[in-house]
Amino acid sequence: MMNDVIAYKDGALVIDTQTAVASSKTYEDKILFDNSKDSLEVIRHSCAHLMAQAIKALYKDAQFFVGPVIEDGFYYDFRVNEKIGDADLKEIEKKMAELANAKLPIEKSYTTKAAVTQHFAHDDLKQEVLLRIPDGEVSIYKQGDFEDLCRGPHVPNTKYLRFFKLIKVAGAYLGGDEKREMLTRIYGIAFADKESLKDYVTMIEEAKKRDHRKLGNELKLFTFDDEVGAGLPIWLPNGGKLRSKLEQLLFKAHRKRGYLPVRGPELLKSDAWKISGHYQNYGENMYFTVIDESEYGIKPMNCLGHIKVFQSEVRSYRDLPLKFFEYGVVHRHEKSGVLHGLFRVREFTQDDAHIFCTPDQIKENVLEILSFVDSIMKAFGFKYEMEISTRPEKSIGDEKYWEAATEGLKHALDENGIKYGIDEGGGAFYGPKIDIKITDALKRKWQCGTIQVDFNLPERFDISYVDANNEHARPVMLHRAILGSFERFIGILIEHTSGEFPFFIAPIQAVIVPISDAHLDYAKKLANELMYEGIDVEVSSKNESLNKRIRNAETMRVPMILVIGDAEVESQSVAVRDRRERTQYNLTKEELISNMKEKLNEVHF
């Protein structure tokens with residue numbers, strides 16, 4: 001069936017390959033049955049309907065809301081009286097396979113919205129869907145005894161739906177509204193061939209082992225507490241050490257590149273957020289409070305504080321570019337249903353920076369940022385790609401500013417031969433941006449860093465510098481984060497490395513294991529000397545067997561285990577078990593310190 005035509009991009013139904021060949025439509029309109037993006041969207045959308053049909057066959061009372069394709073597969077939201085859990089997915093998959101093997105034609109028909117409203121008069125979830133559809137012609141897809149509202153396109157027959165797997169059961173508020181009822185949601189994945197599905201399932205199993213929430217608990221990095229609140233991470237000592245090492249390295253890297261450290265308040269009057277446009281365009285994502293009868297907003301971004309730093313004194317063209325950076329704590333009102341470990345939280349810290357420059361300095365500064373990005377990503381072994389995101393529907397500012405900013409980003413990348421994609425409408429509300437998307441060890445893509453060109457906020461806050469003609473001129477503002485946030489980046493790094501952190505940021509870089517109490521004094525002395533050199537070590541001296549203490553250190557994924565016995569005390573040496581290199585060797589104390597200092601200093605951003 002590979003290379004069969006399964007649909008047209010305009011959603012027209014194709015019955016089979018022969019019909020498609022006989023069609024007058026152009027080749028470019030056709031979607032072939034393969035693992036291309038267009039084809040997978042059709043296959044997965046069709047699989048969502050196949051899953052719904054199977055659920056309806058198994059649970060007669062089931063009612064369905066929406067079943068869209070998402071980046072990593074598909075899902076369907078539905079209501080059912082029975083409680084469905086992950087253990088029930090096999091039975092639903094079995095029924096899906098039966099329906100696929102039945103080779104049911106998938107047929108599209110058209111009617112009016114009024115007729116469909118009457119047809120589904122007793123189905124309140126379908127009425128909810130209809131509220132989101134404009135008046136006029138409505139399409140319905142039918143397969144066997146199942147039908148649903150849908151624009152399509154779909155595959156022409158269920159025979160094309162063979163390689164799928166249901167991933168998990170979750171809850172989802174109706175329409176994403178926390179005040180509405182909780183529906184059942186089932187996620188699934190589908191491909192055009194068996195091998196791709198097998199590879200994906202293998203990746204999913206590996207991802208479960210690397211889940212940053214699981215490893216974060218095992219490695220004692222962070223925790224969450226219901227008494228504190230959802231989406232508010234608590235950093236434990238190990239996580240605090242890892243994060244601090246990352247912050248220190250970045251601080252040096254920023255200073256080396258001429259950035260100046262600043263800090264803005266976490267709470268600003270709402271008047272400032274109204275000037276910036278956040279109040280009108282981003283207010284639903286913010287937290288507000290009233291102090292002395294004035295409304296304040298907790299910052300979701302750091303840009304306003306940095307604008308106020310710029311305004312604190314008269315600036316000259318000779319001062320530009322001015323680069324301010326801050327590890328800025330921000331808060332965003334995320335719905336509880338989307339919170340996910342460190343990946344989606346309500347409080348996080350951005351490695352944020354803002355560059356104030358002249359328009360003709362945009363390109364050189366964007367390229368310098370990209371060089372900075374490259375050095376950091378290489379240090380952690382990440383491959384990455386870039387995407388330019390253009391003006392969204394909800395935005396501020398004159399079209400000419402948007403065009404100038406977007407073209408500035410494109411020129412910077414084009415003139416240096418840097419490849420990029422386009423995300424139409426994906427920009428920030430105040431300016432277009434370059435998004436840096438990294439690929440981890442499991443070939444998953446994550447959006448982290450961003451570079452945004454902004455003509456709008458300088459205009460709104462009326463900031464200026466004195467140019468060479470002694471006249472006031474408007475600077476351009478570049479918003480920039482490389483990690484995105486420490487929380488999200490560390491979560492990605494945990495899963496990328498499976499908790500096997502590079503030596504230079506490992507929370508515990510070595511565990512010293514004295515064989516007996518007779519060796520404890522030397523172990524403590526060695527620990528103090530290593531700590532003095534900036535190396536995080538612990539002495540494992542619990543009343544446990546030697547093997548258990550070594551196993552505990554290995555479980556914590558400590559890069560180096562240093563065993564000390566009689567011979568080591570006598571020769572002032574250590575027996576090293578190097579977890580990263582999978583080797584064992586002996587070093588003198590001096591060689592050990594030199595070796596570790598070298599490992600610490602081998603990474604520079």
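Mentor: Strands of a sheet pair through backbone hydrogen bonds, either parallel or antiparallel. Here β6 and strand β7 (residues 137–143) run antiparallel and are joined by seven bridges; helices (H or I, at least four residues) and strands (E, at least two) are DSSP runs, numbered from the N terminus, and two strands pair if DSSP finds at least two bridges between them. In β7, valine 138 is the bridge partner of threonine 111. This is a predicted model, in which local features need pLDDT of at least 70, side-chain atom pairs count only at pLDDT 80 or more, and totals for chains, interfaces and linings use all residues. Residues are numbered from 1 along each chain as its sequence is written, and side-chain values use heavy atoms, with hydrogens and water left out.

Trainee: In what order do the strands of the open sheet lie?

Mentor: The order is β6-β7-β8, an open sheet of three strands with antiparallel pairing. Its edge strands, β6 (106–112) and β8 (146–149), each pair on one side only.

Trainee: Which strands pair with β28?

Mentor: Strand β26 (residues 510–514) pairs with β28 in the parallel sense over five bridges, and proline 514 stands opposite isoleucine 564. Strand β29 (residues 573–578) runs antiparallel to β28, joined by four bridges; there, arginine 577 is the bridge partner of isoleucine 561.

Trainee: What are the polar contacts of the lysine 323 side chain?

Mentor: A polar contact is a pair of N or O atoms within 3.5 Å; within protein, one must be able to donate a hydrogen and the other to accept it, and residues adjacent in sequence count only if both atoms are side-chain atoms. Lysine 323 lies in strand β17 (residues 322–331) and is buried, with a relative accessible area of 8%. Its side chain makes a polar contact with the side chain of glutamate 368 (2.5 Å) and reaches the backbone oxygen of arginine 257 at 3.1 Å. Counting contacts (heavy atoms within 4.5 Å), and leaving out residues up to four places away in sequence, lysine 323 touches residues including Tyr259, His354 and Asn365.

Trainee: Which residues of helix α5 are buried, and what covers them?

Mentor: In α5 (residues 124–131), the buried residues are Leu125, Lys126, Glu128, Val129 and Leu130. Their cover includes β5 (73–79), α4 (113–119) and β10 (182–191). At the start of α5, a side-chain oxygen of aspartate 123 reaches to within 3.1 Å of the backbone nitrogen of leucine 125.

Trainee: How many residues has the largest nonpolar core?

Mentor: A nonpolar core is a set of buried Ala, Val, Leu, Ile, Met, Phe, Trp, Tyr and Cys residues joined through side-chain atoms within 4.5 Å. The largest has 55 residues, and those with the most contacts inside it are Val366, Phe380, Phe501 and Phe605. Helix α12 (residues 362–379) gives the most to this core, with eight residues. A second, separate core of 50 residues includes Leu50, Met51, Met96 and Ile106.

Note on methods: Buried < 20%, exposed > 50% of the residue type's maximum accessible area, 1.4 Å probe, protein only.
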